[in-house]
Structures are given as structure tokens and as C-alpha cells.
Amino acid sequence: MKSLKFDHGQAEQIRRGAKTATWRAFDDKDISVNDVIDIVDRVTDDKPQTWQSLGRARIDSVIEKRLGEVTAEEIENDGEHASMEDMLRHFRERYGDTVTARTPIKIIHFTMLPEAEAANTGDEKTTILTELKLYADGGSRGNPGPSASGYVLTDLSDNLIVKKSIYLGITTNNQAEYQALKLGLEEAKKMHIQTVHVYMDSLLVINQMRRIFNVKNRDLWPIHEAIKQLADSFAHITFMHVPREFNKLADAAVNEALDARTTEQ
């Protein structure tokens with residue numbers, strides 16, 4: 001079973017219900033929403049024989065971004081750092097001087113399970129969510145030009161579950177839009193979601209996926225066909241066009257990736 005390990009002080013906070021999230025850099029665990037994992041208390045760090053399980057937890061959300069993209073609100077909600085500078089110093093103490101503002105991190109939220117429920121989970125992933133919303137967006141500064149895709153997965157009450165973005169290199173705006181849709185659907189598939197409601201502000205992509213518009217651009221044919229096959233693998237999927245103001249989270253993810261790339265150069 002996958003696990004997350006905490007020092008004894010953090011473990012005590014988890015026991016009290018005061019800590020329900022963890023920030024990890026250089027994380028090599030393939031932890032996804034709905035995973036049931038073991039929460040481990042490293043009672044004495046250098047003595048593994050003292051480590052003990054606190055119980056099992058269900059992963060509620062996983063947000064991936066660069067350390068420098070963390071917002072002031074996220075730092076405040078975390079409660080462990082007074083500022084970006086304080087957070088950067090802490091991560092360098094924990095992971096070494098190679099940590100920079102460009103270092104990728106995961107913000108993982110979890111819920112501890114009651115003993116009775118945890119006992120019935122076994123070592124396999126339990127699927128609680130079966131239906132969610134996907135907000136996807138892509139952007140190109142130049143068209144073609146530097147491009148990025150971003151997507152957000154929420155439950156039906158719009159509670160954030162996953163938010164991710166990726167820099168694509170030089171592409172067109174439509175290619176970035178399609179790539180965002182593909183990545184978001186792949187993430188939903190990995191979570192074993194059965195029903196997806198897609199929301200995008202690209203009227204072209206939505207109407208092409210609804211087969212209202214034909215795909216005339218040959219460069220879009222391969223990804224359009226791949227997404228059609230992916231969409232057909234869900235029990236139910238809908239595509240809805242929304243104004244840009246209703247797609248702000250995905251749009252923000254795109255701009256975060258583009259701005260971070262600009263900062264690097």
C-alpha cells in the first residue's frame with residue numbers, strides 16, 4: 001500500500017485533526033485522488049523500528065505546481081509558513097539547496113478514515129467519486145507561439161480536486177486547447193471516473209467534439225481522434241461551452257505555466 005510519512009510533531013497534528021494536507025517536493029509517489037494510503041508516524045526519525053501507522057486516509061485532491069507559483073492564500077491556509085521566503089527556506093532545509101522557485105511540488109489533501117471503513121479498504125484503490133466536472137483551457141502567446149494547457153477537475157459542487165498545467169512549447173491556440181482536454185480526460189480516466197461533464201470556453205473545440213463542426217485542420221485530426229476514443233471509454237460524457245469568466249481556474253493554470261516559463265528564460 002502507498003504511504004505518506006510524517007515527523008512525530010506533524011503526526012500529532014493529524015491525530016488531532018489539525019492537519020489534513022502535506023506539501024511534497026521531488027515526489028516520486030504516483031498518488032491520485034481516491035487512493036487509500038497508509039499514514040505513518042516517524043516517531044523517531046532515525047529509528048525505523050519506532051515508526052507506526054496512524055491509520056488509513058483517502059486522497060481528496062492533488063495540486064501540482066512550481067514552488068514559486070504558490071499563492072499567498074495557499075501559504076496562509078497551510079499554516080506552517082509565514083511567507084514565500086520562509087517556505088523556500090524550509091524546503092531547502094528539508095530537500096537541499098537544489099530547491100528553487102521552479103521546483104515542482106504537490107499539495108496533497110487527505111481525509112483520515114474511520115477504523116471500520118479503513119478495515120474494509122484492503123490494498124486496492126476505492127472509487128468514491130464516479131462523476132465530476134472538467135474545466136479545460138489552452139493558450140498560445142503568438143498563435144503559433146509559446147503555449148500551455150491547463151485543466152481543473154472538481155466534484156459536482158465545484159470543490160477543487162485536481163489542478164494541473166503544462167508548458168507545451170511552440171504550438172497554436174487550438175492545439176493547446178485540445179491538449180488540455182486530452183490531459184484532463186486522461187486524469188479522470190486514471191481516477192476511474194465514469195461520468196465527466198466538460199466545460200471549455202473554446203466554441204470550436206466543444207462543437208467539434210459534439211460533431212456540430214467538422215475538423216478541417218489536418219494538424220488537429222490525430223488529437224481529435226484520440227480524444228474521441230478516450231471520450232467513448234466513459235459511461236457518459238457531456239461537452240458544454242461556457243464564457244471565459246466561468247473558466248477562470250483553468251485559464252489561470254495556463255497563465256501560471258506560461259508566466260513561469262517566461263521567468264525561467
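Mentor: By the rule used here, the count is two cavities of 30 Å³ or more. This is a predicted model, where local features need pLDDT of at least 70 and side-chain atom pairs count only at pLDDT 80 or more, while totals for chains, interfaces and linings use all residues. Residues are numbered from 1 along each chain as its sequence is written, and side-chain values use heavy atoms, with hydrogens and water left out.

Trainee: What makes a space a cavity?

Mentor: On a 1 Å grid over the protein atoms alone, a cavity is a set of points where a 1.4 Å probe fits but cannot get out. Points are joined across faces, edges and corners, and the volume is the space filled by probe spheres set on them.

Trainee: Which residues line the largest cavity?

Mentor: Among them are Trp 23, His 81, Phe 91 and Arg 94. Lining residues have an atom within 4 Å of a point, so that's why these are on the list.

Trainee: Which elements give two or more residues to that lining of the largest cavity?

Mentor: β2 (21-25) and α3 (84-95). Helices (H or I, at least four residues) and strands (E, at least two) are DSSP runs, numbered from the N terminus. The largest share, three residues, comes from α3.

Trainee: And what lines the second largest cavity?

Mentor: Its lining includes Ile 63, Lys 163, Ser 165 and Glu 256. β4 (52-66), β8 (160-171) and α8 (248-264) each give two or more residues to it.

Methods. 1 Å grid on protein atoms, 1.4 Å probe; cavity = no way out; pocket = protein on both sides within 12 Å on 5 of 7 lines; lining within 4 Å.
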